[in-house]
Amino acid sequence: MINNSKWKRIVIKVGSALIAPHKQGCSSHYLLSIAQFIVRCRTQGIQVVLVSSGSVAAGSHLFPEHEKSNIAVKKAMAAAGQTEMMATWDKLFDFPSAQILLTHADLRDRERYVSVRETVFSLLDHGVLPIINENDTVTTDKLKVGDNDNLSAMVAAAADADALIICSDVDGLYNKNPHTHDDAKLLSWVADIDEDIYAMAGGATSDVGTGGMKTKIQAAEKAVSHGIDTFIINGFTELSFNMLLDGKNPGTHFQPFEKPMKEDVHWMTHTSKAQGEVIVEDNFEIQLDQESQQLTSDEIVAVKGDFSVGDTILVRKGDGTKLAKARSNYSSCLLSFIADQDDQRFASEFQEKTGPIISEKNIAVLEKS
């Protein structure tokens, strides 16, 4: 049994295969049971945030087949399909909904991330259903999350959700691909997400989506570290949603951390994207409880990438060991300059005047791997 009585807010992620299974526009065939689940949750006092893929798949039929590999045409497909997708969802509800289109740039920038949180909270407080999708019309490789599984986990963390429900085309996570192995066994629950769990994930099984089981596990890893109950369920059957409401597990339940990461540390670890790297000496260690400056110029071996003051950077050793992600108080140009100084006294005095390279309040220490 699952303790859904404590759920005050949930995020449900619906993929392209459910929205537009034949790439001939949107279909309500599989969405009716999902919509009914959302309605029943709201009736029980559970706030719902919907992360919905499907804009590209929904707009695909409007463009010639030979042009669909063109990036500009794909963006046009997303623009055309987004309105149809929203209209399809809207007609399934008798309460208002709101469209929120995001890029990774909106989430990795702390100020914009907080703004997204506030918008979602305001919509929920006024009874409006937020429907969130990646803004495929404007995203580039540098700006996109890439799949809505990981986006849903970032949204769940931002929304302080109690549960994340990821809809799939199978019942959950199997020990091997159920589409190709008759003896595949369903894992009803996962306590720890490790290399063995990732090894069970195959590629995408849908030809209209961008994610597979691997991205769903990545999303689960992000969510459980925030203390969020996470489920991978079969979104094509109404039984899955009925079981959830009855307190039963219809798929794979990923157990949340007993001691979740703090909100700002979670954001730094799982949402903010490093714009550059600082390579440090092999004997360097970072501690969160250190009151003084965390890093000095004489401990820096190299600076990689082009970043500005306030950007997130990755601090790692030369052997690749990742130590921390942190907000840099220096630009890459200035940091390279002081790190290259032969006169360490000059570098130390310079740093004393300008302040620490990274601060305790803007750092997330990573687990050693």
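Predicted model: local features only at pLDDT ≥ 70, side-chain atom pairs only at ≥ 80, totals over all residues.
Aspartate 160 is partly exposed, with a relative accessible area of 31%. Aspartate 160 sits in the loop that links helix 7 to strand 5 (163-168).

**Helix 7 and its two ends**

- Helix 7 spans residues 148-158.
- Helix 7 is mostly covered, since eleven of its eleven residues are buried.
- Among the buried residues of helix 7 are Asn148, Asp149, Leu151, Met154 and Val155.
- At the start of the helix, the backbone nitrogen of aspartate 149 has a side-chain oxygen of aspartate 147 within 3.1 Å.
- Just after the helix, aspartate 160 adopts a positive phi of about 55°, although aspartate 160 is not a glycine.

**Helix 7 against helix 6**

- Two packed helices are described by the angle between their axes and the distance between those axes.
- For helix 6 (residues 110-125) and helix 7, the axes come within 9 Å and cross at roughly 75°.
- Helix 6 is therefore roughly perpendicular to helix 7, because angles of 65 to 115 degrees count as roughly perpendicular.
- On the helix 6 side, the contact involves Tyr113, Arg117 and Phe121. On the helix 7 side, it involves Met154, Ala157 and Ala158.
- By class, the residues of this contact are five nonpolar, no polar and one charged.

**Helix 7 against helix 9**

- The axes of helix 7 and helix 9 (residues 213-224) come within 8 Å and cross at roughly 10°.
- Helix 7 is therefore roughly parallel to helix 9, because angles under 35 degrees count as roughly parallel.
- Helix 7 contributes Asp149, Asn150, Ala153 and Met154 to the contact. Helix 9 contributes Thr215, Lys216, Gln218, Ala219, Lys222 and Ala223.
- The contact of helix 7 with helix 9 has four nonpolar, three polar and three charged residues.

- Lysine 13 is in strand 1 (residues 9-14).
- Lysine 13 counts as buried because its relative accessibility is 6%, and buried means under 20%.
- The side chains of lysine 13 and aspartate 149 are joined by a polar contact of 3.0 Å.

**Cysteines**

- A disulfide is a covalent bond between the sulfur atoms of two cysteines.
- Searching the whole structure finds zero disulfides.
- Cysteine 26 is in no disulfide, and the nearest cysteine sulfur, that of cysteine 167, is 16 Å away.
- Cysteine 26 is buried, with a relative accessible area of 18%, whereas cysteine 333 is exposed at 61%.

**Phenylalanine 337**

- Phenylalanine 337 belongs to helix 12 (residues 332-339).
- Phenylalanine 337 is partly exposed, with a relative accessible area of 42%.
- Serine 297 is 40 residues from phenylalanine 337 along the chain, and the C-alpha atoms of the two are separated by 9.6 Å.

Notes
Residues numbered from 1 in each chain as written. Heavy atoms only, no water. Helix = DSSP H or I, 4+ residues; strand = E, 2+ residues; numbered from the N terminus. Buried < 20%, exposed > 50% of the residue type's maximum accessible area, 1.4 Å probe, protein only. Axes fitted to C-alpha atoms, helices over the stretch in contact; angles between N-to-C directions. Parallel < 35°, antiparallel > 145°, perpendicular 65-115°, else oblique. Contact = heavy atoms within 4.5 Å. Nonpolar A, V, L, I, M, F, W, Y, C, P; charged D, E, K, R; others polar. Disulfide = S-S within 2.5 Å. Polar contact = N/O pair within 3.5 Å; in protein donor to acceptor, adjacent residues only side chain to side chain.
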